[in-house]
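User: Hi! I'm new to this one, could you walk me through it?
Analyst: Happy to, let's look at it together.

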Amino acid sequence: AGMMRARGTAGELEACRRLAVRRVAEGLTQKQVAAVLGVSERAVRMWVAAHRAGGDDGLKAKPHPGRR
């Protein structure tokens with residue numbers, strides 16, 4: 001089974017990422033944050049890493065090119 005992509009607009013997904021990063025910074029575990037937001041721990045881990053590397057810009061929604 002592939003990873004299910006969260007549904008929502010780019011802005012909603014970005015807000016979710018920011019919230020996840022904020023909750024981890026506040027002391028919740030990545031597992032707890034994943035459970036609360038209904039996403040995978042892997043997603044939370046990637047968002048936290050992206051935020052560390054690029055700050056808020058690291059959390060911006062990136063356009064996904066379609067398959068060719």
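Analyst: Let's start with a pair of helices: α1 passes α2 in a right-handed crossing. A crossing is right-handed if the near helix is turned clockwise from the far one by less than a right angle, and left-handed if anticlockwise. Before going on, this is a predicted model, where local features need pLDDT of at least 70, side-chain atom pairs count only at pLDDT 80 or more, and totals for chains, interfaces and linings use all residues. Residues are numbered from 1 along each chain as its sequence is written, and side-chain values use heavy atoms, with hydrogens and water left out.

User: Thanks! At what angle do the axes of α1 and α2 cross?
Analyst: They cross at roughly 145°, and the axes come within 9 Å. Axes here are lines fitted to C-alpha atoms, for helices over the stretch in contact, and angles run from 0 to 180 degrees between N-to-C directions.

User: Which residues make that contact between α1 and α2?
Analyst: From α1 there are Cys-16, Leu-19, Ala-20, Arg-23 and Val-24, and from α2 there are Gln-30, Val-33 and Leu-37. Contact means heavy atoms within 4.5 Å. The residues of this contact divide into six nonpolar, one polar and one charged. For those groups, Ala, Val, Leu, Ile, Met, Phe, Trp, Tyr, Cys and Pro count as nonpolar, Asp, Glu, Lys and Arg as charged, and the others, Gly among them, as polar.

User: Stepping back, how many helices and strands does the chain have?
Analyst: It has three helices and zero strands, and the elements run α-α-α from the N terminus on. Helices (H or I, at least four residues) and strands (E, at least two) are DSSP runs, numbered from the N terminus.

User: OK, and how do α1 and α3 pack?
Analyst: Their axes are 9 Å apart, at an angle of about 85°. α1 and α3 are therefore roughly perpendicular to each other. On that scale, angles under 35 degrees count as roughly parallel, over 145 as roughly antiparallel, 65 to 115 as roughly perpendicular and the rest as oblique.

User: Which residues meet there?
Analyst: Cys-16, Arg-17, Ala-20, Val-21 and Val-24 of α1 meet Val-44, Trp-47, Val-48 and His-51 of α3. Seven of the residues in this contact of α1 with α3 are nonpolar, one is polar and one is charged.

User: And where do the axes of α2 and α3 cross, I mean at what angle?
Analyst: Helix α2 (residues 30-37) and helix α3 (residues 41-54) cross at roughly 115°, with axes that come within 8 Å. That makes α2 roughly perpendicular to α3. The contact involves Gln-30, Lys-31, Val-33 and Ala-34 of α2, together with Glu-41, Val-44, Arg-45 and Val-48 of α3. Those residues divide into four nonpolar, one polar and three charged.

User: New topic: how much of the chain is buried?
Analyst: Buried residues make up 24% of the 68 residues. Buried means under 20% relative accessible area, exposed over 50%, and partly exposed in between (1.4 Å probe, protein chains only).

User: Where is Gly-11 found?
Analyst: Gly-11 is in helix α1 (residues 10-25). Gly-11 is partly exposed, with a relative accessible area of 48%. The C-alpha atoms of Gly-11 and Ala-61 are separated by 7.4 Å, although these residues are 50 residues apart along the chain.

User: What about Arg-42, where does that lie?
Analyst: Arg-42 lies in helix α3, and with a relative accessible area of 44%, Arg-42 is partly exposed. C-alpha to C-alpha, Arg-42 and Gln-30 are 8.7 Å apart, and in sequence they are 12 residues apart.
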